[in-house]
Amino acid sequence: MRKHEKHIPIHLLSGFLGSGKTTLLRRLLDYYTAQGKKPAVIMNELGDINLDGQLVGDEVPMAEMLSGCICCTMRGDLGVEISMLVKEHQPDVIFIESTGAANPMETLDGVTEAAMYQAIDLRSVVTVVDGPELLARSRDGKGRTFKLMLEQIRCATVLLINKVDRLEPEQLVEAQQQLRELNAHAQIIATVRCAIDDWSWLEAADHSSAPPSNHMVEGTTINEGAACSVNGCTADHHHAGHQADHHADHHHADGHQPDHHDQHHSHDHVMVVTYYWQKPVNSEAFEALLQRLPANIYRAKGIVTFTDAPSRFLFQYAYKESDFMRIDPQGHVNDVAVFIGEHFSKEWLLNELKQLEQEAASTPGGLL
Ligand SMILES: Nc1nc2c(ncn2[C@@H]2O[C@H](COP(=O)(O)OP(=O)(O)OP(=O)(O)O)[C@@H](O)[C@H]2O)c(=O)[nH]1
């Protein structure tokens, strides 16, 4: 790397499954493109498909790191992906959206490792916190998921407390107090759908005069006056009992038709089940299934065709709330559903999904 080479600011988006990282990413992309700047994105998913990528415009350069996690198995690849993005697109800024299950300290290590030989500079770690979920889990106060959430909060330079529309005013105060106790330095911003009015923190981070070699893990500040809490981070760096096979046992990029009910990756204690739909299903029956998913399935998303609606839909489910958006994907995209959680019964889930397909197929009427 040449001494006076311009360093590209990098922002790491962290936060638990379904907290709103992609929602924030879209806002960040709009913010930069409105200023005539060129943002680029690295998206990391545990599964082998990137559904969130469907929500990002084709004009945004994007590298997908699938079937693994940049905090561990794919850590070495991160530098390569950054290098390719920089070489091909010369972006003004890069956002890395990590998987909700990523250990933030390990991810930070990965980014800063890459910064040693790339002209990049990590400027902020933005952790999106699902407000209602933080309160619910802190009442219970245990479990590996909660611990991971705490680590993500402790390592942030900016904390977005999101889904405030689902909090009473006194609950918002309680959640803000919890965040402040966990992280004394980060700026805390309360948001609904990650809508941000004041972007000064981002401008300050991008224009920080910190020498490029002083990256965060060495304990320098990101914004003046907003010290990075990384040094004080008490994150557990061990991947205890981590024996997951992170590599998908099939790749559909090669034209190979994926198996119907499919592989199961696990990242640490988190399981991912990917199901490729063979048939359309009834929309009401599908919504009913989402509502009766067990509490240990936190997150689901995918693309589905309904027998009773004229288009395909991108669906999102996080903690009992579901959203459906009409889509018309470019190129060949399978109908697929990804479920993420802990210790849930894969058999139960696959049976339910197959039953939906069978019921829809045996109901007279067919596709609209
Ligand atoms: N009620 C409510 N829903 C929200 C808010 N922000 C995001 N959502 C919804 O929460 C779901 C998850 O949002 P995403 O932005 O995809 O979350 P994510 O963190 O990127 O999810 P993963 O990448 O799967 O971990 C979507 O259905 C969003 O529409 C909010 O402020 N309030």
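Visitor: How many residues of domain 1 are in contact with how many residues of domain 2?
Guide: This is a predicted model, in which local features need pLDDT of at least 70 and side-chain atom pairs count only at pLDDT 80 or more, while totals for chains, interfaces and linings use all residues. Residues are numbered from 1 along each chain as its sequence is written. The protein chain is divided into domain 1 (8–232) and domain 2 (252–362), with bounds that come from an automatic or database domain assignment. Where two residues are in contact if their C-beta atoms, placed from the backbone, lie within 7 Å, the domains are joined by 16 residues of domain 1 and 21 residues of domain 2.

Visitor: How do the residues on the side of domain 1 that touches domain 2 divide by class?
Guide: Ala, Val, Leu, Ile, Met, Phe, Trp, Tyr, Cys and Pro count as nonpolar, Asp, Glu, Lys and Arg as charged, and the others, Gly among them, as polar. On that side of domain 1 the division is 6 nonpolar, 6 polar and 4 charged.

Visitor: Why do the buried residues of H9 line one face of the helix?
Guide: A residue is buried if 20 or more other C-beta atoms lie within 10 Å of its own, exposed if 12 or fewer, and partly exposed in between, with C-beta atoms placed from the backbone. In H9 the buried residues are Leu-349, Leu-353, Leu-356 and Ala-360. Seen down the axis of H9, the directions from the helix axis to their C-beta atoms fall within an arc of 50°, so these residues line one face. On the other side, the exposed residues are Glu-347, Trp-348, Asn-351, Gln-358 and Ser-362.

Visitor: Against which elements do the buried residues of H9 pack?
Guide: Helix H9 covers residues 346–362. Its buried residues pack against strand E9 (270–276), helix H8 (283–291) and strand E13 (336–341).

Visitor: Is Gln-90 buried or exposed?
Guide: Gln-90 lies in the loop between helix H2 (75–89) and strand E4 (93–97), and has a positive phi of about 40° although it is not a glycine. Because Gln-90 has 12 C-beta neighbours inside 10 Å, it counts as exposed.

Visitor: What is the phi of Arg-193?
Guide: Arg-193 is found in the loop between strand E7 (187–190) and helix H7 (200–206). With 13 other C-beta atoms within 10 Å, Arg-193 is partly exposed. In this residue other than glycine, phi takes a positive value near 50°.

Definitions and conventions. Helix = DSSP H or I, 4+ residues; strand = E, 2+ residues; numbered from the N terminus. Expected span 1.5 Å × (residues − 1).
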